[in-house]
Protein chains: 2
Amino acid sequence: MKELIYHRHFLPAIDRFSSRTLVVDGDYRATFRDHGERVLRCASALRRALGIGRRDRFAVMAANSHEYLELYHAAYLGCGIINPLNLRLAGKELDYIVRDSGTEVAFVDRHFAAAFDQAMRAAGKSPIRRTVLLGEGGADLPHDLRYEDLLAAAEPEIPAEPEEEDAVVLMYTGGTTGLPKGVLVSQRAEMLNWYHLAMVFPIGEEQVFLMPTPIFHAASMIPILALPALGGTVVLAPRFDPAETLELVERHRVTRISLVPTMLAMMLNHPGFRPERLRSLDSLVYGASPMPEALLTRLMALYPDLELGQGYGMTESSSILTLLSPADHRRGGKLLRSVGRALPGIVLSIQDEDGILLPSGETGEVCARGGNYMDEYWRKADATAEAFRGGWYHSGDAGYLDEEGYLYLVDRVKDMIVTGGENVYSIEVENAISTHAAVAQVAVIGIPHEVWGEAVHAVVVLRAGATVTEEEIIAHARASVGGYKAPKSVEFRDQPLPLSGAMKVLKRELREPHWRGRTRRVN
Amino acid sequence: MKELIYHRHFLPAIDRFSSRTLVVDGDYRATFRDHGERVLRCASALRRALGIGRRDRFAVMAANSHEYLELYHAAYLGCGIINPLNLRLAGKELDYIVRDSGTEVAFVDRHFAAAFDQAMRAAGKSPIRRTVLLGEGGADLPHDLRYEDLLAAAEPEIPAEPEEEDAVVLMYTGGTTGLPKGVLVSQRAEMLNWYHLAMVFPIGEEQVFLMPTPIFHAASMIPILALPALGGTVVLAPRFDPAETLELVERHRVTRISLVPTMLAMMLNHPGFRPERLRSLDSLVYGASPMPEALLTRLMALYPDLELGQGYGMTESSSILTLLSPADHRRGGKLLRSVGRALPGIVLSIQDEDGILLPSGETGEVCARGGNYMDEYWRKADATAEAFRGGWYHSGDAGYLDEEGYLYLVDRVKDMIVTGGENVYSIEVENAISTHAAVAQVAVIGIPHEVWGEAVHAVVVLRAGATVTEEEIIAHARASVGGYKAPKSVEFRDQPLPLSGAMKVLKRELREPHWRGRTRRVN
């Protein structure tokens, strides 16, 4: 039986857990039964009122909300392909994505309705046939229909089952260079992505899960797929704010949180932080960008019983490939610099430029295979073939595997700094600087240098009230990394580092003033 | 990517865990590396020396051993379809299975070589082209080749990858009536069977797992698939013996054991049992037949921290459908009479004779669907279509689901006793009798009765030194079940109850003397 579809999980869970709380979103709360009914109304509205067929795309441009979760679930029940838009995209990018994907129906919330409409009209006639406004209020905002009206008019109805090979998500990747590419993922791949993780990092019905990261990311599988199937509770936050996140954990007795290291740093460094405010947490999952060792050490000292998991993956793998498990964190030592081992169902390899598999200990491109990979870059056969050459997905990340199969990322290939012919992996330098007591955040980039091509440059945000000189930072770095890796210059900032929609430090923006008018060679 | 094949798990694990112990079998121990090398030699021998192609069947008739595990792993790497023979079959059944499956190569050990040979020759020319003898010694036993010679002559070689739809196991079901049927299971179904369980009952690298049940059963997925992929250790025992099992747990610091309730009763009632001998266990999985409540209560009182899991499934589902989880056991109460809830990926329904889905609380036939189901009964299209009518596998078991989705088996439909027009489910009566302090084992059957058609009859094995009368047992039962359910007669036995190859009480044998010369109506 080909049963890798969300139908098999979602519908029985609605019955089984009917009176439990599934979603908390501000003052809104829904039980499994109520959420299920709204999803079946939404599914009916998508098909009947909006004419969305099984393979039609619809876009969502909205902050995290219960409506967003409903739209995801309707797509997973087989009512079209959801195209979750990154909220930090420029108008031109949005226009490109909507046209490239052939999206004609969009759901927007009050925060993004105006910007979306403007982006769609900028290049002439809007490609959008229907814009549906989510939530209350906003009568003055551009829209054709209201989501609540559609739901009120629809009869709850269980959609026909999709096939496991049917696409369910079309998610565009940032693409630091060139145009964004649509990552088309099937039901089957999404189910396996979840299964792979759950086999080694239990996800269960007792969990109250807080998602302060945007659910337009691939990494949102736990709240979107796993917990609604298993009986857990999902607490949604429309945006990340450190004070508000502390407040939500405390108020809802959150047991698991998933975040990026930058968020964690902002929470632990917040004036309102007190250790007891996060006591309800029994597990914390982080990923998407490297965790500074000093931050991790501090977290583990504060919460010795907290089960920590680090994930590594990408949109193309519908998200996760490796896990640094709670047991790995307890072993500590050099493992804390690893992103963990391949999940069951994933095989990793390290390859050189010719596709030769390298032995353990040697650095090359991180490649992977697994049932969780996308079907294709949307209508880009060449880019798809290139990404999967030799049967392996090529990540563009540089790393090595140790003898036990732990993966160490040395750097994004394109983030590597080449100085005087030596390769410098910025994470190493960032780790060295982050252990300085005065440092709250640090990013290391390459800036142009007449002699070495690139020079190592650090951008540092200090903790409130702390002071330190450029020379002290450089000396502190030299104490733990080789001289050529230590920064040649340090820049201090008052503001937090700029973040991408995925909450990664936007090194591109940090580099931009230094490289204006020049071309940086990218490996 | 279609990656649901064991290749993706086994080969990376051999590298990753190379120097750890994977198999313990008496005095034999093998690391992951050594076991892996033997499997690759075995795979090569199967293909090159024995001419077994990807879809050819080979049979194994042997007690649990490391060689048996190697043969399983070679099949999972894509070198033929393994046909594990039940060791309790009569010669005529063996002959039927070997001919029905078209098996031409058989692996036998010294315990079964003579009986197998005799069975093959009984009906004339043996269908077996090559008989390979496993293990040391036995030069006088009938065989063509020796396994160790084949391995010594083979070069370790990684076989070409199978497809996930390729069949890997052909396992004949007992079939209490009629001829045995071959259950043909694919790589994909076996992987999902494991994934489903692991998502809610973690299986991991720290586990030392003891398998006292025969690995010719579908329920052997944890030692055959999961632990060799995840870095655990498998302790094999050639046969079940309560004293020896206690000894193995103690000697190897076993952390998880999987057994049937009868075995547990024999261990806890053994004169050599002392609670501290099983202290290393952190989890215990049971299934295949109902657990008497008194036994379960005793186990939980002895080991309050033991994580208990009960599974329910069948060969056709490549084994497991439901789990009564450790948390469910801790909740206790009526849940202890349930076999738990559907695993993720499984959907259960209760159907009446017309295939109508019944609401919760109503008893009917237990039906299920999931990606772990067999492809077919080997070359029996009609029986396959009958089993899967309406898209659901029909188990032949009677049961109901409660409102939270917990499954309660009231009885095997065919084990139900019909007395005076009332249905009596024997498990209820067995539970009632098992709480009597003098009772070690009990089985309840229907025996012919002139007035009621069938009368309820109990077969009881007393604890060492205990005495009790028939009247006392009947009165004890009446205290907790309705009068028509209480036994009309009780038979005391000195010997343990007869067990099937699957370690289920062979009620057929208990019934036989009562029904000789009569026909029992089976629903």
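## Close-up views of a two-chain predicted model

View 1. The same surface serves both copies, since 100% of the contact residues of chain A recur in chain B.

This is a predicted model, in which local features need pLDDT of at least 70 and side-chain atom pairs count only at pLDDT 80 or more, while totals for chains, interfaces and linings use all residues. Residues are numbered from 1 along each chain as its sequence is written, chains are lettered from A and ligands numbered from 1 in the order in which they are written.

**View 2. The contact between chain A and chain B.** Each side is counted by residue: 25 from chain A and 25 from chain B. Contact means C-beta atoms, placed from the backbone, within 7 Å. On the chain A side, helix 1 (7–16), helix 7 (187–200), helix 8 (221–230) and strand 18 (364–370) give two or more residues. Helix 1 of chain A gives the most, with five residues. Helices (H or I, at least four residues) and strands (E, at least two) are DSSP runs numbered from the N terminus.

**View 3. The largest nonpolar core.** This core has 339 residues. Such a core joins buried Ala, Val, Leu, Ile, Met, Phe, Trp, Tyr and Cys residues through C-beta atoms within 7 Å. Buried means 20 or more other C-beta atoms within 10 Å of the residue's own; exposed means 12 or fewer; partly exposed lies in between, with C-beta atoms placed from the backbone. Among the residues with the most contacts inside the core are Phe107(A) and Phe107(B). Beyond neighbours within four places in sequence, Phe107(B) touches Phe58(B), Val60(B), Ala62(B), Leu71(B), Val132(B), Leu134(B) and Tyr147(B).

**View 4. Helix 14 of chain A.** Eight of the nine residues of this helix (426–434) are buried, so it is largely enclosed by the rest of the structure. Among the buried residues are Ser426(A), Glu430(A) and Asn431(A).

**View 5. Helix 2 of chain B.** Helix 2 (residues 32–49) has 18 residues and should span 26 Å at 1.5 Å a residue; its end C-alpha atoms are 25 Å apart, which agrees. The expected span is 1.5 Å times one less than the number of residues. Of its 18 residues, 13 are buried, and the helix is mostly covered. Gly51(B) follows helix 2 of chain B with a positive phi, near 65°.

View 6. Most residues other than glycine have a negative phi. Ser318(B) has a positive phi of about 50°. Ser318(B) sits in the loop between strand 14 (307–314) and strand 15 (319–324) of chain B. Ser318(B) is buried, with 28 other C-beta atoms within 10 Å. Arg379(B) has a positive phi of about 55°. Its loop runs between strand 19 (376–377) and helix 13 (381–387) of chain B. Arg379(B) is partly exposed, with 13 C-beta neighbours inside 10 Å.

Methods: Contact = placed C-beta atoms within 7 Å.
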